[in-house]
Amino acid sequence: MFSEFLSRLTQPQPDPLVDDDARLALTALLVRLARSDNDYSDTEMARIDRISAQRFGLSPFESAALRARAENLEAEAPDTVRFTRAIKEAVAYEDRLAVVQALWSVALADGHRTSEEDSLLRLVVSLLGVSDVDSALARQKAAKS
């Protein structure tokens, strides 16, 4: 189902993503983080839905549907390094920075930061080309939301 999308995303020189594809890829990255500690909680799902609703102007139903599609994409997506690098090439820096803030929001959603989440966040932030300073600022903003 997602093989064509993943093929386009992981091309050596991917084209910038159209809005719907960018939403799906970025939401899949949120799902990957939430699943990284093998405890994909209702709280994390609700946080992903809330982020999607706010960021993309979606209704609760549309947000849940996007998350469901993203869950399927995440399961089929290549390793985190290839997947995240592909997103970096296809998404503008400002959008990647907003994703880092959303990632922090998901990591903090259940009140427990695990070593798996921290490790994946460090990797993803680096692969997205977001600076440590910007990531720290994004974490602070996420903690306040």
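Reader: What makes E44 count as buried yet without a salt bridge?

Author: In this predicted model, E44 is buried, and the nearest side chain of opposite charge, R35, is 8.8 Å away. A salt bridge requires a side-chain nitrogen of Lys or Arg within 4 Å of a carboxyl oxygen, so E44 has none.

Reader: Where does E44 lie, and which residues does E44 touch?

Author: E44 is part of helix α3, residues 42-56. Leaving aside residues up to four places away in sequence, E44 touches A34, D37, D39, V106, A109, D110 and E117.

Reader: Which residues of α8 are buried, and what puts them on the same side?

Author: The buried residues are S135, A138 and A142. They lie on the same side of α8 because they cover an arc of only 60° around the axis. These buried residues pack against α6 (93-109) and α7 (115-127).

Reader: Which exposed residues does the face of α8 turned away from the buried side carry?

Author: That face carries V133, K141, A143 and K144. Exposed means over 50% relative accessible area.

Reader: Where is confidence lowest, and where is it highest?

Author: Helix α1 (residues 3-9) is lowest, at a mean of 59, and helix α4 (residues 60-76) is highest, at 94. The mean pLDDT of the protein is 85, with 87% of its residues reaching 70 or more.

Notes
Residues numbered from 1 in each chain as written. Predicted model: local features only at pLDDT ≥ 70, side-chain atom pairs only at ≥ 80, totals over all residues. Heavy atoms only, no water. Buried < 20%, exposed > 50% of the residue type's maximum accessible area, 1.4 Å probe, protein only. Helix = DSSP H or I, 4+ residues; strand = E, 2+ residues; numbered from the N terminus. Arc of directions from axis to C-beta. Contact = heavy atoms within 4.5 Å. Lys, Arg positive; Asp, Glu negative; His and termini not counted. pLDDT = per-residue confidence, 0-100.
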